[in-house]
Structures are given as C-alpha cells and as structure tokens.
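Let's take a friendly walk through a protein model, one neighbourhood at a time.

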Amino acid sequence: MKKALVFAAVAAGMTTLSTGVQAQDCTTKIGAALPTSVDWGRPIAEVAQFAVDQVNEAGGAGGCTIEMVLRDTQVDPKVGVDAAKALVDLEGVKVLLGAVSSGVSMPILTSVTVPAGVMQMSCCSSSTAFTKLSEEGKTNGLWFRTFATTGVQSAMGAKVAADKGWKSVAILYKNDDWGQDMSRLIAADFAAAGVEVTANVAINDAQPSYRAEVTEALTSQPDALYLALYPTEGKSAVREWISLGGTQNMILANSLKSDEFRDSVGLQYLGNAFGTDTASPRVESADAFKAAYEAKFGSQPNGPGLANSYDAAMIALLAMEAAGKDASGADIAAAVAKVTDPNGTAITADTAGFKAAKTTLAEGGTVMYQGATGNVRFDANGDVSAPAVVWKFTDSGTEEVEYLSLTEVDAFIASLKK
C-alpha cells in the first residue's frame, strides 16, 4: 500500500501530520488519538489525514489550514488517555478524532474531552455504554461516532450461527468496555436465535498464555467459537484453541479483520471462519470513496473502520467550517447538525464537495453530507445505524460473503426481540 503518512519517532511518540498546503495565513490543529502501532490502525489514521488533505485543498476549515496532530494509543487505555491529554492540554485542540477501541475511547471521553469541552468523533467505538452515558446527560453533546453500535455485530453473529446450523457456541471476549458489552449482547442474541452459549470467557491483555481460558471454553466441545478480540490476543487464543483440537467453525468480530491475525493464525485454519462488520450502503457516495481510496493508496479499503474514519474526519471538519474560526468544542459539536441535515443541500465527500459546503454554509444554509458510509445521520446520542456484511479471509485480504441492507439488519434484530 502506498503510504499517506510518514510515522517519525519524536518525543513522547507524537507525530505531527501536515499537508504543507497554506490555504490561509493561520493554522488550526485537530487531534487524532489512534492505534498507529498496530497494522490495522495505521490505515485508519492515513485515511483521516486523506480527508484533512482534501479539506486543505478546498481552502481549509473555519478560515484556517488544518493540521492533524496524531498520537498513538497502542490500544491501551492509559496510553490513550495520556495521548488525548497531550493533544488537549499541549496542542489546544478543540476536536479529537478517536479512539478506535471502546475501552480506550471511554476513559478519553470521561476524563479528557468532556471535562475540557472538546468534541470527540470516533470512527470505530461501538459499545452501547456510550449510548447510556449520553442518555444520562454525561457526554454534554460532545460525543459522536460514525460506527454503528455493537448491537449490529452481535445480531449478525447470531445470524451466522443460525444460518450455518451451529447449535452451540463458546465466546472468548476482550475484558474491556467493548468486549464486555459484546459478551452480554452476543449471549442474549444467540439465545434468542436458539443457539446455546456453552461458555463466555474473558481474555485479559498481555498474558503469556491463554491456555486456561481456552480450555474452559473448549470443555463443552461447542459447534463454533465466537471471538470478540483484537489481533494481539486473538491470534494467541486461536492458536491455543486449534492446538487443543477446537473446531475451526468461527465467528469473528470486525476487530479481527486484520492481515496480522490471518497470517499469524494461518489461512488454512480459517477456511470456516466468518466475520461480521457494519457496511457502507450500496450508494454512489460509497462507491466514490472506494474509487478515491484506491487512487490514493493503491488498494481497496478492505481494513476495518476505513470508510468510518474518513467520514468522522470529514464531518468534524465540516462542523468546524460551519462553526467558524476560533469556535469552541461545544460550538463545533452543535454545528454537526448543520452539516448532516437530511433536508440540507447535498454535497459530495471530496474537495469539490467541501468547497460547495463552504458556499452553502456562508449563505446561511445547511448541508447533507453524502460520505463513504452514505448519508450519515446521528441520533440524539451521537449514534448511527448501518447495513452489515458477513466476510471471510482470502489470500490477499477479505471477501464479502453476504450483504444485508439497513432494512434487513433492522428486521433481523427485531426478530430476535420477539
């Protein structure tokens, strides 16, 4: 893949990404707290920078050139909070893109961005705990995410098991906010679909071995294994599972849509592994993003969260444009509604679209952003809905096995609640 970013080792691991385009005589920084030290995290950061580059080609946002300052979270809550504090306290950002893992985004939200009045826009955090926090009035309207909640992936996992005729499933989940949320939802959805959950076992970070946890999950000899893990612990757990004679029938959360995971486990052991993920709708704007991504990076956007990362960055920058120069984080958050208005002027997700948005917003109008994941609409809690896909690994990446429209996703989820 062609690289859009150059990651340099500098003090405290900070990397500053600058386009070098001086569209204005001022520069506004935005922050990005993303896991660039893992293989699937770097492209998420790269595509966010791609959006920044396009906006700067359009003349910047809020009257200034945009500079994205990136810090690596390492998928670690403590590292993530430290990164976010540096971006807010030292760089003075009013917008923070990130994080990816819900277990990292949550402490950033509660201990950094909300107290500081900074808008946080995540591409990939899906825990329903954020919805609850917003409903309780604890996000102050500063939280948005362009990725659907864990409820979509949970339901699709149950659908895969039911469609394959697997009657029993063991679950291995990451012991953090995201994994605990997935564990709870998956168990309920599998039960509703008539699939027995034989074990529901937590996996902690940085253990030398997961043999004890895998043995516990394997005791009942389930028909399939569900994995709500990230590649680092996922590859170790699956190796243990296979070495102990566990089934190769697997259901994978989108967090395992990773070349690192596939190559470390071995494609020969993943022939009957099916992943789930949210998906872009089959609309022109999503196709346009794919074409633009391939032209920029030389490959298809097959990794997790890429379309969502692009939309998160572009919507945040549109909101900065709508809010104006020197706007507060709260002002920018409030302006999100102006750029995702279903009754607004439709704009494309590119440099030309941003230029058009500038004109419309300057004239007092609103815009309807048509992006990589379609016409993004946030509810009162900053959540979005999305279609879904079932996928599997190939020699070169992944391939789609099944696509479900938003209507089909909603119908299946409703069927589980009857």
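Not counting residues up to four places away in sequence, Val 401 touches Phe 274, Val 390, Trp 391 and Lys 392. Keep in mind that this is a predicted model. You can find Val 401 in strand β16. Is Val 401 buried, exposed or partly exposed? Its relative accessibility is 43%, so Val 401 counts as partly exposed.

Which residues of α14 are buried? In this helix, which spans residues 406-416, they are Val 409, Phe 412, Ile 413 and Leu 416. These residues cover an arc of only 100 degrees around the axis, so they lie on the same side of α14.

Now look at the loop between β6 (143-145) and α5, where Thr 149 lies. Thr 149 has a relative accessible area of 19%, and buried means under 20%, so Thr 149 counts as buried. Leaving aside neighbours within four places in sequence, Thr 149 is in contact with Ser 126, Thr 128, Thr 131, Asp 383 and Val 384.

Next come two pairs of packed helices. Two packed helices are described by the angle between their axes and the distance between the axes. Here are the values for each pair:

| Helix pair | Angle between axes | Distance between axes |
|---|---|---|
| α5 and α6 | about 40 degrees | 9 Å |
| α11 (306-323) and α12 (329-339) | roughly 105 degrees | within 7 Å |

The angle of about 40 degrees makes α5 oblique to α6. In passing α6, α5 makes a right-handed crossing. Residues in this contact include Gly 151, Ala 155 and Ala 158 of α5, and Trp 178, Leu 185 and Phe 190 of α6. Sorted by class, the contact of α5 with α6 has eight nonpolar, five polar and two charged residues.

For the second pair, the angle of roughly 105 degrees makes α11 roughly perpendicular to α12. Among the residues that meet here are Ile 315, Leu 318 and Met 320 in α11, and Ile 332, Val 336 and Lys 338 in α12. How many residues of each class are in the contact of α11 with α12? There are 11 nonpolar, no polar and two charged residues.

Key. Residues numbered from 1 in each chain as written. Predicted model: local features only at pLDDT ≥ 70, side-chain atom pairs only at ≥ 80, totals over all residues. Heavy atoms only, no water. Buried < 20%, exposed > 50% of the residue type's maximum accessible area, 1.4 Å probe, protein only. Helix = DSSP H or I, 4+ residues; strand = E, 2+ residues; numbered from the N terminus. Arc of directions from axis to C-beta. Contact = heavy atoms within 4.5 Å. Axes fitted to C-alpha atoms, helices over the stretch in contact; angles between N-to-C directions. Parallel < 35°, antiparallel > 145°, perpendicular 65-115°, else oblique. Left-handed = near helix turned anticlockwise from the far one by under 90°. Nonpolar A, V, L, I, M, F, W, Y, C, P; charged D, E, K, R; others polar.
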